[in-house]
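Here are my notes on the pockets in this model. Please read them with the structure open beside you.

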Amino acid sequence: VTVDMPITEQTGAGSATITKEADGRTTVTVQVKREKLENLLKPGGNKPVVLDVNTKAKQDNLKLNIPSSIFSDAAKTQKQVVVNSNDIAFAFEPGTFSPESISGDVKLEVSQLTADSIPDIMKNKDAASDELSLVFDFNLSIGNNTVTDFNKPVTITVKFDASKVTDLSKVGVYYYNEKDGRWEYVGGKANPDGTITFTVEHFSKYCTMEYKKTFDDIKNHWAKAEIELLISKHIARSENERTFAPDKNITRAAFASMIVKALDIKGINTGKVFADIPVGSWYKEDVYKAYAA
């Protein structure tokens, strides 16, 4: 249900239809027009194919209809496809989608959700995490098929509220794991201008947070700042919610896990089986990644 008649606004990449919804949110639907991008799609040079879909209107919900030929032709000339909107930017590398899958319009949708609208999800975040942005919900389909995973990571830049930040180095992006019902650390590079850039291998719900965890037994410890930084980046693990045990030895499993997370080692296949690694152990996946790498 809408409260106003839709209005039309031209963007650099196409025509935008702007609709005010009954809940006060604004939906912007953009039909990207290939003819506006022909010069960028020509062979030669390495400039990305930039889709400018910025509008004067707010973009609480953004829906893009992009001719698939833009992605397939950009892939042939090894050019990125970049989408720039009011609050978010995407960079798709050539080969992000399988060539045979690119048929029909590419539909990219972004919704910005408030904590009040998804209380069942936000209640699952760590108490030490302060959200700095709305939750971005990303969805993408090609033709009639929803795309859940990509052949290459997609780079995303979003805005966050820099005025709420106490330590920029502890700011990161988290995605909501629907299956397990928990927020998982993605990482990212936070900038003083209130933007953070990160890469994803799938679309889901994402939120920028500052993780300000500390522990009772590190208040006067010489490594307090370093411990808090490693915890905020989810590289190190604590003993429990209140203690870190800063002077305690760690196991080979914990060390392997730290290395994997610090180097951001992704899933690597190995046929190796260790008899002393239980199936349900927290370190199982990290140990096999470290061994394979």
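What volume does the second largest pocket have? Start there, and keep in mind that the model is predicted.

1. The answer is about 520 Å³ for the second largest pocket. Its lining has 22 residues. Find the ones closest to its centre: Arg237, Phe244, Ile250, Ala254 and Met258.

2. Two elements give two or more residues each to the lining of the second largest pocket: α4 (224–232) and α5. Of the elements, α5 gives the most, with 4 residues.

3. Now sort the lining of the second largest pocket by class. It divides into 14 nonpolar, 4 polar and 4 charged residues.

4. Turn to the largest pocket. About 1800 Å³ of space lies in it. Its lining has 47 residues. Closest to the centre are Arg182, Glu184, Tyr185, His234 and Lys261.

5. Several elements give two or more residues to the lining of the largest pocket. The strands are β12 (149–159), β13 (171–177), β14 (182–187), β16 (195–202) and β17 (205–211). The helices are α5 (252–262) and α6 (284–292). Trace each one in the view. β14 gives the most, with 6 residues.

6. Look again at α5. This helix gives two or more residues to the lining of the largest pocket, and it also gives 4 residues to the lining of the second largest pocket.

7. Which classes make up the lining of the largest pocket? Count 19 nonpolar, 11 polar and 17 charged residues.

Key: Residues numbered from 1 in each chain as written. Predicted model: local features only at pLDDT ≥ 70, side-chain atom pairs only at ≥ 80, totals over all residues. Heavy atoms only, no water. 1 Å grid on protein atoms, 1.4 Å probe; cavity = no way out; pocket = protein on both sides within 12 Å on 5 of 7 lines; lining within 4 Å. Points joined across faces, edges and corners; volume = space filled by probe spheres on them. Nonpolar A, V, L, I, M, F, W, Y, C, P; charged D, E, K, R; others polar.
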